[in-house]
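Q: I have a model open and would like to learn how to read its features one at a time. Could you walk me through it?

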Amino acid sequence: MNIVEEIKEYQGWAGIEPAEVVGENDFGNLIIKDIEGRYWRLCPEDVYCEVVARDRAELDVLSADQAFLEDWYMTALVEEAKEKLGPLQEGRKYYLVIPGALGGEYGINNIKTAPLVEIIRYSGNVGQQIRDLPDGTQVQLKVID
């Protein structure tokens, strides 16, 4: 299965009908163009996939926004992860073991690496399960083999 198919299967609940991935960062965040020409951000650490630009012109404006760029590149966290975990191997990304949306810390003790497809699946599954919960709701994670 390719990345676009993985996004459709595991993030489709958010309403995305992906056409192509046009950007990615070291934490598995993706900018995805959908079949209608809108641009979405898949943000695994905060378990969301949402429209960030209605067209290419809006994406270009967003791409010049310093606050967006700082959030997108996550430079300090990437450098810390590289120092402690080493450079990324082909097809792998850094990720928050416990997503920030569930109270996970943005620090090296909560960062590992995994294949991008697993990060897409994990964040999609978690996001779908918590999407209707009000902020502050307590959740319990259960690991199933």
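A: Gladly! Let's begin with a loop: Met-74 sits between helix H3 (66–73) and helix H4 (75–85). Keep in mind that this is a predicted model.

Q: What is the phi of Met-74?

A: First the general idea: most residues other than glycine have a negative phi. Met-74 has a positive value, near 45°. Its side of the story also includes burial: Met-74 has a relative accessible area of 10%, so it counts as buried.

Q: Which other residue has a positive phi although it is not a glycine?

A: Look at Val-47, where phi is about 45°. Val-47 belongs to the loop between S3 and S4. With 7% relative accessibility, Val-47 is buried.

Q: Those strand labels bring me to the sheet. How should I read strand pairing?

A: Strands of a sheet pair through backbone hydrogen bonds, in either a parallel or an antiparallel manner. Here four strands form an open sheet in the order S1-S2-S3-S4, and the pairing is antiparallel. The edge strands are S1 and strand S4 (48–53), each of which pairs on one side only. On average, neighbouring strands of this sheet are turned by 30° against each other, with direction ignored.

Q: How many bridges join S1 and S2?

A: Strand S1 (residues 18–24) and S2 share five bridges, antiparallel in sense.

Q: Is strand S2 enclosed or open to the outside?

A: Four of the five residues of strand S2 (residues 30–34) are buried, so the strand is largely enclosed by the rest of the structure. When you inspect a strand by eye, remember that in a regular strand the side chains alternate between the two faces of the sheet.

Q: I also see cysteines. How many disulfides are there?

A: The test is distance: a disulfide needs two cysteine sulfur atoms within 2.5 Å. The count by this rule is zero. For Cys-43, the closest cysteine sulfur is that of Cys-49 at 9.9 Å, which is too far for a bond. Cys-49 is accordingly in no disulfide. As for solvent, Cys-43 is buried at 1% relative accessibility, and Cys-49 is buried at 7%.

Q: Which residues line the largest cavity?

A: The lining consists of Phe-27, Pro-44, Glu-45, Tyr-95, Leu-96, Pro-99, Ile-119 and Tyr-122. Strand S5 (92–96) and H5 each supply at least two residues of this lining. By class, the lining has seven nonpolar, no polar and one charged residues.

Q: What about open spaces: what is the volume of the second largest pocket?

A: The second largest pocket has about 260 Å³ of volume. Its lining has 15 residues, with Ala-101, Ile-130, Leu-133, Pro-134 and Asp-135 lying nearest the centre. Sorted by class, the lining of this pocket has nine nonpolar, three polar and three charged residues.

Q: Where is Leu-133 found, and is Leu-133 buried or partly exposed?

A: Leu-133 is in the segment after helix H5 (116–130). With a relative accessible area of 37%, Leu-133 is partly exposed. For a sense of distance, Leu-133 and Val-97 are 36 residues apart in sequence and 20 Å apart in space, C-alpha to C-alpha.

Technical notes:
Residues numbered from 1 in each chain as written. Predicted model: local features only at pLDDT ≥ 70, side-chain atom pairs only at ≥ 80, totals over all residues. Heavy atoms only, no water. 1 Å grid on protein atoms, 1.4 Å probe; cavity = no way out; pocket = protein on both sides within 12 Å on 5 of 7 lines; lining within 4 Å. Points joined across faces, edges and corners; volume = space filled by probe spheres on them. Nonpolar A, V, L, I, M, F, W, Y, C, P; charged D, E, K, R; others polar. Buried < 20%, exposed > 50% of the residue type's maximum accessible area, 1.4 Å probe, protein only. Pairing = 2+ DSSP bridges. Axes fitted to C-alpha atoms, helices over the stretch in contact; angles between N-to-C directions.
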